[in-house]
Amino acid sequence: MAGSAFNAFKACVPIQWSPRLYITLVRGLPGTRKLHRRTLYAMRLRRCHRTVVHRTTPSLVGMLNQVKRLVVVETEAMFNARKQKEEEHRALRPPIVVSHAPPPAPAQQPAQ
């Protein structure tokens, strides 16, 4: 992934309110404040690139504001669109056929 880890999570659909939020930890825990680490543990985020699902509540929004530089938040529609895009990328494609044989020579007619 070139550049920031956030590039993989760009919205593919319009952002709308959702009753559930998909939260993914995209930055490492070493070097972060102890308060931020405890907040992430409370949200069950213990490893990078792991996603958890939470209901949208005011307390969760407050926790997300505290650690917003460490996580990516997606709605259900955004999460489903990203997963579908990843599946299409991994899907089998038809093989590329390259022929290195010279083209057939035109048939010569016998002399009469």
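## Strand faces, pairing and core of a predicted model

**Overall layout**

Of its 112 residues, 26% count as buried. The chain exposes about 9,000 Å², of which carbon and sulfur atoms supply 55%. Among the contacts in the chain with a separation of 6 or more, 72% are accounted for by residues 24 or more positions apart.

**Strand E1 and its partners**

Strand E1, made of residues 20-25, pairs with E2 in the antiparallel sense over 5 bridges, and it is also joined by 5 bridges to strand E3 (residues 71-75), again in an antiparallel arrangement. Of the 6 residues of E1, 5 are buried, so this strand is largely enclosed by the rest of the structure.

Thr 24 illustrates the position of E1 well. The residue lies in strand E1, and it counts as buried because its relative accessibility is 2%, where the cut-off for buried is under 20%. Thr 24 stands opposite Thr 51 in E2, and its bridge partner in E3 is Val 72. Arg 20 in turn has Arg 55 as its bridge partner in E2.

| Residue | Relative accessible area | Class |
|---|---|---|
| Thr 24 | 2% | buried |
| Val 53 | 33% | partly exposed |
| Arg 44 | 48% | partly exposed |

Leaving aside residues up to four places away in sequence, Val 53 touches Arg 20, Leu 21, Tyr 22 and Arg 44. The C-alpha atoms of Val 53 and Thr 75, which are 22 residues apart along the chain, are separated by 9.7 Å.

Arg 44, one of the residues that Val 53 touches, is found in the loop between helix H1 (34-42) and strand E2 (51-55). Arg 44 has a positive phi of about 65° although it is not a glycine, and its relative accessible area of 48% makes it partly exposed. His 49 is found in the loop between H1 and E2 as well, and it too has a positive phi, of about 60°, without being a glycine. Where does His 49 lie relative to Thr 24, 25 residues apart along the chain? The C-alpha atoms of these two residues are separated by 5.9 Å.

**The nonpolar core**

The largest nonpolar core has 13 residues, and those with the most contacts inside it are Ile 23, Leu 25, Leu 40, Met 43, Leu 45, Leu 64 and Val 71. The elements that give two or more residues to this core are E1 and helix H2 (58-66). Its largest share, 3 residues, comes from E1, the strand in which 5 of the 6 residues are buried.

**Helix H3**

Helix H3 covers residues 76-90, and its 15 residues should span 21 Å at 1.5 Å a residue; the end C-alpha atoms are 21 Å apart, which agrees with that expectation. Which residues of H3 are buried? They are Met 78, Phe 79, Ala 81 and Arg 82. Seen down the helix axis, the buried residues of H3 fall within an arc of 165°, so they line one face of the helix. These buried residues pack against E1, E2 and E3, whereas the face of H3 turned away from its buried side carries the exposed residues Glu 87 and Glu 88.

How values were computed
Residues are numbered from 1 along each chain as its sequence is written. This is a predicted model: local features need pLDDT of at least 70, side-chain atom pairs count only at pLDDT 80 or more; totals for chains, interfaces and linings use all residues. Side-chain values use heavy atoms; hydrogens and water are left out. Helices (H or I, at least four residues) and strands (E, at least two) are DSSP runs, numbered from the N terminus. Buried means under 20% relative accessible area, exposed over 50%, partly exposed in between (1.4 Å probe, protein chains only). Two strands pair if DSSP finds at least two bridges between them. A nonpolar core is a set of buried Ala, Val, Leu, Ile, Met, Phe, Trp, Tyr and Cys residues joined through side-chain atoms within 4.5 Å. Contact means heavy atoms within 4.5 Å. Accessible areas come from the Shrake-Rupley method with a 1.4 Å probe; for residues, only the protein chains shown count as cover. The expected span of a helix is 1.5 Å times one less than its number of residues. The arc is that of the directions from the helix axis to the C-beta atoms.
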